[in-house]
Amino acid sequence: MTTALSPSAESASVSRLTIGVFLFRLRAFIALLILMGIFTLLTRAFFTTENLIILVGQTAINAIMAVGMTFVILTGGIDLSVGSTVGLAAMVSGLLIDRGLELPMFGIVVYFNVPAIIVLVLCLGILVGAFNGLLVTRFNVAPFIATLGTLYVARGLAQLSNGGATFPNLVGNPGLGNTGFPILGAGTILGIPIVIWIMILFTALGWFVAGKTPFGRQVYAVGGNERAAELSGIYVQRIKMVVYMICGMCAAMTGLVTASQLVAAHPATGESYELNAIAAVVLGGTSLAGGRGTIWGTLIGALVIGVLTNGLVLLGVQEFWKKVITGLVIILAVVLDQLQARLQQRLALKRG
Amino acid sequence: MSSPSPSTQPDILQNDVILAAESITKVFPGTTALDGVYFNVYRGKVNVLVGENGAGKSTLMKILAGVELPTSGRLLMDGHEVTFRNTREASKAGVGIIYQELNLFPNLNIAENIFAGREITRIDVVDHGAQEKLARKILDRLEQPLSPRMLVSDLRMGQQQIVEIAKALSQNVRVLIMDEPTSALTAAETEALFQIIADLKAHGVAIVYISHKLEELLRIGDHITVLRDGKFAAEAPAADVDITWIIEKMVGRTVRTPSRAHGAVKHSGKELLRVQDLTLPREGKGFTLRRVSFSLYEGEILAIYGLMGAGRTELFECLMGLHTEATGEITLAGKVLRHAPIFDRIASGITLVPEDRQRLGLVQQLSVAQNIALASLRHYLRSFWISDREEHDAVTRMIKELAIKVRSPQQPITSLSGGNQQKVVVAKSLLTRPKVLLLDEPTRGIDVGAKAEIFQIINRLANEGLGILFVSSELPEVLAIPDRILVLSRGRVTGAFGHSEATEELLVRASSAHRQTDLLGVEETGIRDHLTPEMHN
């Protein structure tokens with residue numbers, strides 16, 4: 001506003017700012033490329049097909065959860081219960097394979113086949129999400145507190161489901177027709193693990209829903225300005241309810257995949273996963289205040305964490321240092337986010 | 001109608017004047033808010049500042065309180081020139097201010113609020129005991145049975161105002177500026193406030209009192225200063241003047257907003273909206289809206305005029321279904337809207353352009369295009385996703401129709417000027433294909449050119465058959481644009497005028513009346529008959 005530059009210098013500074021903003025927007029992607037470059041230089045083991053598939057497979061676990069988390073954070077909420085939901089989903093899938101569903105009033109035990117189990121467990125995740133959504137929309141509980149409560153409840157239920165013990169060896173019983181569960185975690189299609197396909201599917205669906213459907217647009221509107229959204233005829237409470245349900249379903253998917261990979265369900269599965277998911281979302285440039293962010297960003301964010309973890313392991317960096325470095329990267333991401341906002345403001349002012 | 005002789009240059013009685021503004025000019029980019037204004041604040045008196053919206057009252061008030069520095073001119077305190085660079089300097093000199101929107105921390109108690117930012121400390125720790133004792137003393141002086149430990153959020157509006165007064169008194173205020181102090185108060189709370197003001201006067205405190213309620217001004221004012229269009233218009237002792245004089249001085253203007261060609265409108269007489277006995281209880285007691293009834297016809301522009309707190313915005317909120325506690329019947333195009341949520345109301349053809357664009361109209365994170373399409377997404381569906389092309393077509397059509405100045409529809413909404421942002425909100429509403437458009441202060445905070453454009457748009461929409469209901473507190477707008485004018489005061493309809501019979505004086509009188517009977521001598525039961533529109537010619 002107060003610049004006294006000549007018109008050409010002015011426009012040059014505007015275009016320099018424009019490029020700056022553009023590069024800033026891509027910062028997570030650039031960071032990903034740089035990290036990959038560094039690890040490729042430092043260790044020969046990094047840039048190999050086998051390692052990359054392992055890396056993306058590890059990332060997938062987090063990315064699937066983070067897609068759901070993105071929707072919640074876009075509305076300005078947060079879901080701390082996803083890690084516990086992962087555990088509960090894993091334990092329930094173990095229970096259904098190992099013990100079946102007991103129906104005491106009929107005196108029978110029902111065993112489901114694997115596709116039915118997957119559907120049931122996803123529904124369970126949606127149910128957990130609906131519980132969160134109900135607390136947030138109906139009872140006006142702050143999302144942080146509501147989902148913190150659910151974090152404990154779901155973890156407790158996971159532990160109760162088998163008295164704190166693991167369901168081992170989830171291969172099913174041919175006699176009961178429920179074999180095949182491990183395929184989810186270990187199988188491949190076209191040489192690529194099914195886990196990665198699931199990640200691709202969830203990310204693509206998430207992108208489509210967020211970017212192309214009225215629901216997605218309304219999610220952004222609710223997170224950006226709840227009251228303006230309401231006056232535009234958006235059912236704000238309904239939108240919030242649905243994002244928690246989506247998030248719960250994504251967490252349940254992660255639980256299924258994890259249990260399948262281990263061919264066992266442990267009640268501590270997914271502990272502190274919620275933090276990884278939130279970190280991926282934030283690294284991907286989604287604002288915790290709501291209204292701004294993308295699913296692609298979240299995928300990149302999850303990949304950054306994945307590459308970092310994988311690369312540091314390959315380099316033999318101590319576990320503790322890994323945590324320090326990951327934490328610093330997350331902090332850096334948020335600091336850069338603030339810088340971008342300031343840069344964009346300056347650009348808007350210059351353009352007048 | 002007595003006509004006293006107010007001097008154009010007030011005589012300054014040095015010993016009586018505690019604070020004087022001399023030839024104050026304040027220029028903002030694009031406008032001159034104050035132009036050589038004189039204002040005297042007399043010791044131990046209620047000094048009233050009155051004028052229309054935009055007359056410069058609040059700017060002058062901010063200069064006295066140190067919020068703004070004048071571009072030229074000077075302030076004299078006790079005859080000595082002073083400069084207030086910030087509110088701290090002003091309050092040190094004994095000038096305190098109570099804003100219309102109170103500046104309290106609802107989560108803190110009364111004592112903590114009174115001493116916020118100036119805590120009494122002992123070895124760097126807040127001395128709550130001493131603060132509460134002092135707060136107690138001030139509250140006693142105000143004869144308020146409030147405990148200093150009460151949370152401000154637990155207080156009623158009137159009591160919160162008293163906390164603000166106590167805060168000012170704790171700083172040994174000698175000049176206390178009050179901006180529309182009664183706008184949110186009940187009648188009883190207003191009486192209590194007047195008692196306190198009388199008491200402060202007796203202690204030698206000078207009050208600067210700003211209000212739109214003319215009767216109130218005459219009742220408690222000692223000196224009246226009128227501003228008009230940023231200029232000093234008149235000053236006189238309250239005893240020498242009456243409401244007519246004030247109105248004359250306030251509105252004695254020559255500028256007029258271009259009027260609508262009223263003859264051109266063919267008015268089909270089809271009723272679009274009928275509101276019957278709409279009543280909205282106020283929290284605590286009393287009513288925000290009381291038995292409001294009116295009709296709106298196809299192609300008609302109906303203005304709602306009223307002061308702050310008259311219930312205008314709440315009326316619109318009730319029409320949109322934001323107040324479930326409201327009673328009465330709202331009929332839209334023959335369909336009764338009973339407990340319908342906002343979505344259904346928009347779908348059946350009523351839509352609101354809210355007064356506060358930033359808080360209620362726009363989603364700042366979304367682009368211009370996304371904001372425009374936000375309320376009408378269902379119109380662009382291809383199976384279950386948004387068709388980019390249909391959305392883009394609708395958005396570009398609106399941008400062209402309303403002449404919204406954008407480089408690209410994908411531009412962030414925050415980069416537009418106020419007028420263009422307002423057009424975006426209007427565009428969003430129009431894309432919902434409304435039958436009735438509600439506009440709440442559509443010209444607030446936008447420049448003159450944009451105002452004229454907004455009115456052209458309103459006229460065109462009415463000619464296309466929309467029913468338009470607009471709220472404004474700008475008299476020239478209210479007189480120039482609509483076919484009919486409805487005046488609200490304290491939640492009641494206190495006047496209804498056809499375009500040809502309305503005058504500024506009638507409107508101002510009606511807007512400060514308690515009920516219609518005060519004004520027109522009409523029985524309350526007769527209001528509805530009076531409200532059917534006369535056919536315009």
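Which residue is the bridge partner of B:Asp440 in strand 22 of chain B? In this predicted model, that partner is B:Val471.

**View 1. Strand 21 of chain B and its two parallel neighbours.** On one side, strand 18 (residues 350-353) runs parallel to strand 21 and is joined to it by 4 bridges. Here B:Val353 sits opposite B:Leu439 of strand 21. Strand 22 (residues 467-472) also runs parallel to strand 21, this time with 5 bridges, and the B:Asp440 to B:Val471 pairing belongs to this set of strands.

**View 2. Strand 21 of chain B, covered on both faces.** Look at residues 436-440: 5 of 5 are buried. In a regular strand, side chains alternate between the two faces of the sheet. One side carries B:Val436, B:Leu438 and B:Asp440, the other B:Leu437 and B:Leu439, and every one of these is buried.

**View 3. Helix 13 of chain A, largely enclosed.** This helix covers residues 295-314, and its 20 residues should span 28 Å at 1.5 Å a residue; the end C-alpha atoms are 28 Å apart, so the two agree. Because 16 of the 20 residues are buried, the rest of the structure largely encloses the helix. Just past its end, A:Gly316 adopts a positive phi of about 75°.

**View 4. Where chain A meets chain B.** Here 20 residues of chain A are in contact with 27 of chain B. On the chain A side, helix 9 (214-224), helix 10 (226-231) and helix 14 (319-351) each give two or more residues. That side splits into 8 nonpolar, 6 polar and 6 charged residues.

Methods. Residues are numbered from 1 along each chain as its sequence is written. Chains are lettered from A and ligands numbered from 1 in the order in which they are written. This is a predicted model: local features need pLDDT of at least 70, side-chain atom pairs count only at pLDDT 80 or more; totals for chains, interfaces and linings use all residues. The expected span of a helix is 1.5 Å times one less than its number of residues. A residue is buried if 20 or more other C-beta atoms lie within 10 Å of its own, exposed if 12 or fewer, and partly exposed in between; C-beta atoms are placed from the backbone. Two residues are in contact if their C-beta atoms, placed from the backbone, lie within 7 Å. Ala, Val, Leu, Ile, Met, Phe, Trp, Tyr, Cys and Pro count as nonpolar, Asp, Glu, Lys and Arg as charged, and the others, Gly among them, as polar. Two strands pair if DSSP finds at least two bridges between them.
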